[in-house]
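Work through the following exercises with the sequence and the model at hand. Each task is followed by a solution in steps.

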Amino acid sequence: MVINDGHSVGLSFLRFGDRMNVPQVIEIKKIIEETPTIKTFIFDWTMVGENIPTPGQFVMVWNFKDEKPMSVSYIDVHKGEFGITVKKVGPFTEDLHSLKEGDKLGIRGPYGNGFDTNLKGMRVLAIGGGVGMAPIASFTEEALRKKAIVDVVCAAQTKDELLFDERLKARGAKVYTCTDDGSCGFKGFATHRVLQLIEHKEYDWAVVCGPEVMMRPLYGSLEAHMIEGEYSMERYMKCAIGVCGQCCVDKTGWRICAEGPVFSSDQVSEIVEFGKFHRTASGLKEYF
Amino acid sequence: MLKTNLCGVRLKNPLMLAAGVLGSHASSLNWILESGAGAVVSKSFSKDPNDGYKNPTTVAVEGGIINAIGLSSPGVEAFKEELEDVNRVKGRSIASIYGANPEEFAYVAGKVEDLVDMIELNVSCPHAMEGYGASIGQNPKLTYDVVNAVKEAVDVPVLAKLTPNVTDISEIAVSAENAGADGLTLINSLGPGMKIDIVTGNPILANKFGGMSGPAIKPIAVRCVYDAYEATDIPIVGVGGIRNYADVVEFLYAGASAVQIGTSIMYEGPEIFGRISSDLEEFIEDSEFDSIKDMVGFGHK
């Protein structure tokens, strides 16, 4: 029988209360225009303990009007910097895109479980669709650093929208581009490009992030080829600290913000709503 | 040893999930039941869908969090599907409902009574829209009318969840009892409170203010339970800041027949239910008590 002693209670309040779960209002250090619709925002960040983001984790971004989860796309522990990469898709992201270097945003986190990057010597297929390349890029850099062999399938609608293909090539990954309109690389969806690849090449592990309508068939193909891996999911999020229940998924009830956003293949098999539906702010189901 | 009874409903233990925490889907409610809770209370839902407030809806403060989710709800028709999937073999299922007036409460209660073991009335949300939540529960007459309307509409036991943000909680508790409430749940979140970002001067919550919950509010919750126990003769469910078995014991001594746990899930996840129930069992074994019932009201000397 254990009652928390003063010491451990104090520590947990520091961890949960004082730092991570209150937005830290900080300046945007640098803005990089990645594509016509995608920008990266770089921040200075204190890299201590659980404050250090890992690939696949996310932060909550507050623009003083609304707050949304954004996955971490750059991590440089030595320089004390991290970045998020944002596609303009609605009022919140349009507002972020209107900001300049030196403008401020509130950031809290990092939250959730990231990707396993201890994959030394393993042949890894990393697949990112659209802005889903954001966590795939930070994963690939970290996995390469840890001596994994990483092939990347970088998918976008068109050539101009390809994200982080050059960046990951420069790091030593083999990058296969793929565009819906055929303007660069393979013409067609990531699903088809991956099918072609895995029929000719052996992989030990896969990591996937993108729209669920893309991830669902990819999951089927990778499972059929017995390639285990991890998948990053997204849901409407409110508290991000595991209490409100908004981001729980059927049927396990797992919280995307706490047990996720990254799930193993075996876990994905238990998430019945994967690729089928998500819930809106009110809690109503919306089918993809 | 932990078995008890609340308003005629048998509970395998006195630990319940509080409304508004991991209660939006059957899947998370079932996870909590599997983690050892005796009962779960759903997130409050209403007649029609409601998006709630924009983010930020939650922010940490010393000793807990403040939240203004804003009573988001998919509406009773959609939520019935969730209630149908709650595993009532594992534990009890309680629907938390809200509305703007007695008729709306009675309508929603009637729609779900066959799917649940009890109904809890949220007349106490401190960040609700005008006319909802605490604006009902701060008024003895409105509280009476809502409880009375629901009691006339349904046969399952009805709990009235009250707000601590009143001058005299006993007055409201008596009013709910007179209207026929089978039990009381005390307390809803405190305040409302506010947190301001000192760089920009912005209140952090989009709604500016929100209800405070977490370990810091426990002494107030214990006092409210103690007062209501003196003032009424109906069972009380204690809620507010419970984080370990000792907190549960305090609430039982104050007069609670069962307790609810919510915010503390953020510290250690749903496993908190299993841990507290085994610690509580150990405490009772080592004590002079034979059952939960023996402990209820022990603090009233």
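**Exercise 1.** Find the strand that β7(B) joins through 4 bridges, and state how the two run.

Solution. Step 1: the partner is strand β8 of chain B, residues 118-122, and the two strands run parallel. Strands are DSSP runs of E of at least two residues, helices are runs of H or I of at least four, and both are numbered from the N terminus. Two strands pair if DSSP finds at least two bridges between them. Step 2: within this pairing, B:A95 is opposite B:I119 of β8(B). Step 3: β7(B) is also joined by 3 bridges to strand β4 of chain B (residues 39-41), again parallel. Here B:R92 of β7(B) has B:A39 opposite.

The model is predicted: local features need pLDDT of at least 70 and side-chain atom pairs count only at pLDDT 80 or more, while totals for chains, interfaces and linings use all residues. Residues are numbered from 1 along each chain as its sequence is written, and chains are lettered from A and ligands numbered from 1 in the order in which they are written.

**Exercise 2.** Decide whether the faces of β7(B) are covered or open.

Solution. Step 1: apply the burial cut-offs, by which a residue is buried if 20 or more other C-beta atoms lie within 10 Å of its own, exposed if 12 or fewer, and partly exposed in between, with C-beta atoms placed from the backbone. Step 2: on one side B:R92, B:I94 and B:S96 are buried, and on the other B:S93, B:A95 and B:I97 are too, so both faces are covered. Step 3: 6 of the 6 residues of this strand (92-97) are buried, so the rest of the structure largely encloses it. Across chain B, buried residues account for 65% of the 301 residues.

**Exercise 3.** Which residues does B:I119 touch, beyond those up to four places away in sequence?

Solution. Step 1: take contact as C-beta atoms, placed from the backbone, within 7 Å. Step 2: the partners include B:I94, B:A95 and B:I97, together with B:V150, B:V154, B:V156 and B:V158. Step 3: B:I119 is also among the residues with the most contacts inside the largest nonpolar core, which has 188 residues. Such a core is a set of buried Ala, Val, Leu, Ile, Met, Phe, Trp, Tyr and Cys residues joined through C-beta atoms within 7 Å.

**Exercise 4.** Give the strand order of the open sheet of 7 strands in chain A, and name its edges.

Solution. Step 1: the order is β11-β10-β9-β8-β12-β13-β14, with mixed pairing. Step 2: β11 (186-187) and β14 (262-264) of chain A are the edges; each has a single partner strand, so one side of each lacks a neighbour in the sheet. Step 3: β8(A), residues 123-129, and β9(A), residues 149-156, run parallel and share 7 bridges. A:G129 is opposite A:A155 of β9(A).

**Exercise 5.** How many residues of chain A are in contact with chain B, and which element supplies the largest share?

Solution. Step 1: 37 residues of chain A contact 45 residues of chain B. Step 2: α1(A) supplies the largest share of that side of chain A, 4 residues.

Definitions and conventions:
Two residues are in contact if their C-beta atoms, placed from the backbone, lie within 7 Å.
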